[in-house]
Amino acid sequence: ISTFLSSTDYPTDMFHLSYIPYVPNLTVTKTPSSPNNNANRHIVQLTCGTGSALGTTAYIISSTALQTLSTHHTQNGYYAAIPDIMAELFPTTRYAANPTPFLRAPDTTSLVNPQLDDLRSLLFRPAIVRVVQGVLVETGWETNALFF
């Protein structure tokens with residue numbers, strides 16, 4: 001991760017240490033390794049649109065991106081959830097570790113929509129998340145093609 005983030009090959013505004021692979025309009029793309037550096041094999045690019053709620057649970061954000069977010073908020077105020085603002089402002093500069101080092105706990109209940117807790121307890125099991133992330137990476141399919 002450190003090598004990737006210090007490289008100038010891929011400008012990175014956000015680096016997700018965790019992301020939810022079940023959101024609509026998400027595409028996970030392999031990041032090509034350079035001839036002198038094979039470390040990128042564990043890095044993927046995340047692309048999604050607003051409304052995808054990719055998650056804001058664990059990520060590294062660049063100082064430039066933080067300034068962009070701050071300026072955007074000063075100029076526009078609050079009008080959407082932060083995952084939507086991140087998708088709007090950083091459509092091609094978000095990456096993630098593959099596999100992600102952090103996952104949502106499958107047994108953590110939701111304060112927002114507890115009716116889905118049973119489904120979440122299955123979908124967020126580490127083995128299931130790894131398989132879904134692997135399918136997204138290997139196929140390059142958008143989640144809409146895979147799930148919806």
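1. Two residues are in contact when heavy atoms of theirs lie within 4.5 Å. With that cut-off, 68% of the contacts in the protein between residues at least 6 apart in sequence join residues at least 24 apart. The coordinates discussed here are those of a predicted model.

2. Overall layout. The protein has six helices and five strands. Read from the N terminus on, the order of elements is α-β-β-β-β-α-α-β-α-α-α.

3. Overall dimensions. For 148 residues, a compact globule would have a radius of gyration near 15 Å, and the 16 Å of this protein agrees with that. Along the principal axes, the C-alpha atoms fill a box of roughly 45 × 40 × 25 Å.

4. Burial and surface. Of the 148 residues, 37% count as buried. The protein exposes about 8,300 Å², and 58% of that area is supplied by carbon and sulfur atoms.

5. Nonpolar surface patch. Which residues form a nonpolar patch on the surface? They are Ile 1, Leu 5 and Ile 60, with about 220 Å² of accessible area together. Ile 60 is found in strand 4, which covers residues 59–61.

6. Aromatic pairs. A search of the whole structure finds six aromatic pairs. In one of them, Phe 4 and Phe 15 have ring centres 6.0 Å apart and planes at 50 degrees, so the pair is tilted. This pair links distant parts of the chain: Phe 4 belongs to helix 1 (residues 2–6) and Phe 15 to strand 1 (residues 14–16), 11 residues apart.

7. Surroundings of that pair. Phe 4 is buried, with a relative accessible area of 4%. Phe 15 also counts as buried, at 0% relative accessibility. Ring pairs link Phe 4 and Phe 15 with Tyr 10 and Tyr 95 into a cluster.

8. Salt bridge between Glu 138 and Lys 30. How many salt bridges does a search of the whole structure find? It finds two. In one, Glu 138 pairs with Lys 30, and the closest N and O atoms are 3.1 Å apart. The partners come from distant parts of the chain, 108 residues apart: Glu 138 is in helix 5 (residues 126–139), and Lys 30 is in strand 2 (residues 27–30). Glu 138 is exposed, with a relative accessible area of 55%. Lys 30, at 46% relative accessibility, counts as partly exposed.

9. Salt bridge between Asp 117 and Arg 120. Here the closest N and O atoms are 2.9 Å apart. Both residues lie in helix 4, three residues apart, which is about one turn of the helix. Asp 117 counts as buried at 16% relative accessibility. Is Arg 120 buried or exposed? With a relative accessible area of 11%, Arg 120 is buried, because the class takes in values under 20%.

10. Contacts of Arg 120. Helix 4, where Arg 120 lies, spans residues 117–123. Not counting residues up to four places away in sequence, Arg 120 touches Arg 104, Pro 106, Ser 110 and Asn 113.

Technical notes: Residues are numbered from 1 along each chain as its sequence is written. This is a predicted model: local features need pLDDT of at least 70, side-chain atom pairs count only at pLDDT 80 or more; totals for chains, interfaces and linings use all residues. Side-chain values use heavy atoms; hydrogens and water are left out. Patches are made of residues with over 30% relative accessible area and no salt bridge: like charges are joined within 9 Å, nonpolar side chains (Val, Leu, Ile, Met, Phe, Trp, Tyr) within 5 Å. Accessible areas come from the Shrake-Rupley method with a 1.4 Å probe; for residues, only the protein chains shown count as cover. A salt bridge is a side-chain nitrogen of Lys or Arg within 4 Å of a carboxyl oxygen of Asp or Glu. Helices (H or I, at least four residues) and strands (E, at least two) are DSSP runs, numbered from the N terminus. The radius of gyration is taken over C-alpha atoms; the globule rule is 2.2 Å times the number of residues to the power 0.38. Buried means under 20% relative accessible area, exposed over 50%, partly exposed in between (1.4 Å probe, protein chains only). Rings of Phe, Tyr and Trp (its six-membered ring) pair if their centres lie within 6.5 Å; planes under 30 degrees apart count as stacked, over 60 as edge-to-face and the rest as tilted.
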